[in-house]
Amino acid sequence: MSEQERAELLLEIADDELILGWRDSEWTGIAPFLEEDVAFSSIAQNEIGHARALYELAARDLGTTADELAFDRKPDEYRCSQLVELRLPGWEHTIARHYLYEKADAARLERLKAADDPELAGLAGKIDREETYHRMHAQMWFDRLQSEPRFEAALDELRPLVDLRDGHGEELTELWEQMTEVRRSQPAGTKW
Amino acid sequence: MVSEAQVWEALAEIPDPEIPVISLVELGVVRDVEVENGRVRIGFTPTFLGCPALEVMQEAMADRIRELGAEPDVRVLTADSWSTDRITPEGREKLRASGLAPPQPRAEGAPTLVQLESNAFRCPYCGSRDTKLENIFGPTPCRSLRYCNSCRQPFEQFKTL
């Protein structure tokens, strides 16, 4: 893998984790019950922590900074999956996405852990151990909801989006505007 | 000239910002210390990558090194190098004494829901194993919530990582 290829792979994963982290954090304060408020807030915090570590590694390869990669690109430059960018106010959709994402992410992390690149494999190993708890949480909900027609329908609706990375919808632009609002209000080069 | 032993001693006095009953050395986040020509290089391994205390820990270590009259160089090692197995026995005992159940030793492979739902976790207050998982997630990414059926006390469990 060339440095450029590695950076692109890192950006793809980092974008997934950043955008999903934002979406998960939308449950903070309004989740159906307190346990899930805490769970989604905690998961969001972890995902954004993973995004930062991945952006930092990519930034070194690309000669830039993690913040610039996370916040100074345009919405159409993000490489995230269409699955993570959607605003999903329905609980069955949130859980369906959570389950589908954790499955896909686990497979990706397994491949990275076996990579012939100690930095990539090491970071993947660390992220994977934290993700174990996300997978447990997703599985617990899958077991609870698996025979519910609304949940089944949400899985069918969202499953095709997992691997779609080209072309983003309006919802990513809206999220990007919120996410970068403060940063864009400051002159370029501001130290944070 | 500051010695490595002095640096370790100084770092052992810095409390964890979120769980101040244990020090950064007891938490196991200081991987190595090297002293060369008045520069102190510290290898620091983050706990959870999203932990907001990571910057505070790095700054506290750098400040402490400056107080010793040396130039700090704190390097963050993001490779898979920290696990809860690195928390020292003294650190575990202090966690328990403060009502935070210490992590289980790390098993081969990742922990499973079955393990977390098992009764292998002791209540830090009464020592009973009759405890149950209330929530995988807690007030910080590193903690889960449990409940003791014996003394009816909710408590926090340090996640095994």
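1. In the lining of the largest cavity, eight residues are nonpolar, one is polar and two are charged, where Ala, Val, Leu, Ile, Met, Phe, Trp, Tyr, Cys and Pro count as nonpolar, Asp, Glu, Lys and Arg as charged, and the others, Gly among them, as polar. The residues concerned are B:Asp16, B:Pro17, B:Glu18, B:Ile19, B:Leu27, B:Thr47, B:Cys51, B:Ala53, B:Met57, B:Cys142 and B:Phe158.

2. This is a predicted model, in which local features need pLDDT of at least 70 and side-chain atom pairs count only at pLDDT 80 or more, while totals for chains, interfaces and linings use all residues. Residues are numbered from 1 along each chain as its sequence is written, chains are lettered from A and ligands numbered from 1 in the order in which they are written, and side-chain values use heavy atoms, with hydrogens and water left out.

3. A search of the whole structure gives two cavities of 30 Å³ or more, a cavity being a set of points, on a 1 Å grid over the protein atoms alone, where a 1.4 Å probe fits but cannot get out, with lining residues having an atom within 4 Å of a point.

4. The lining of the second largest cavity comprises nine nonpolar residues, with no polar and no charged ones. Helices α1 (3-25), α5 (91-113) and α6 (118-145) of chain A each supply at least two of its residues, and α6(A) gives the most, with four; helices (H or I, at least four residues) and strands (E, at least two) are DSSP runs, numbered from the N terminus.

5. Chain B holds an open sheet of four strands in the order β4-β7-β6-β5, with mixed pairing, where two strands pair if DSSP finds at least two bridges between them. Its edge strands, each pairing on one side only, are β4 (100-101) and β5 (131-135). Strand β4(B) runs parallel to β7(B), residues 154-158, and is joined to it by two bridges, with B:Leu100 standing opposite B:Glu156.

6. Between the chains, 24 residues of chain A are in contact (heavy atoms within 4.5 Å) with 30 residues of chain B. In chain A, A:Lys126, A:Arg129 and A:Tyr133 lose the most area to chain B, together 34% of what that side buries, buried area being the accessible area (1.4 Å probe) that two parts lose on being put together, summed over both.

7. One salt bridge (a side-chain nitrogen of Lys or Arg within 4 Å of a carboxyl oxygen of Asp or Glu) is found across this interface. A:Arg52 forms a salt bridge with B:Glu55, the closest N and O atoms being 2.9 Å apart.

How values were computed: On a 1 Å grid over the protein atoms alone, a cavity is a set of points where a 1.4 Å probe fits but cannot get out, and a pocket is an open set with protein on both sides within 12 Å along at least five of seven lines; lining residues have an atom within 4 Å of a point. Grid points are joined across faces, edges and corners, and a volume is the space filled by probe spheres set on the points.
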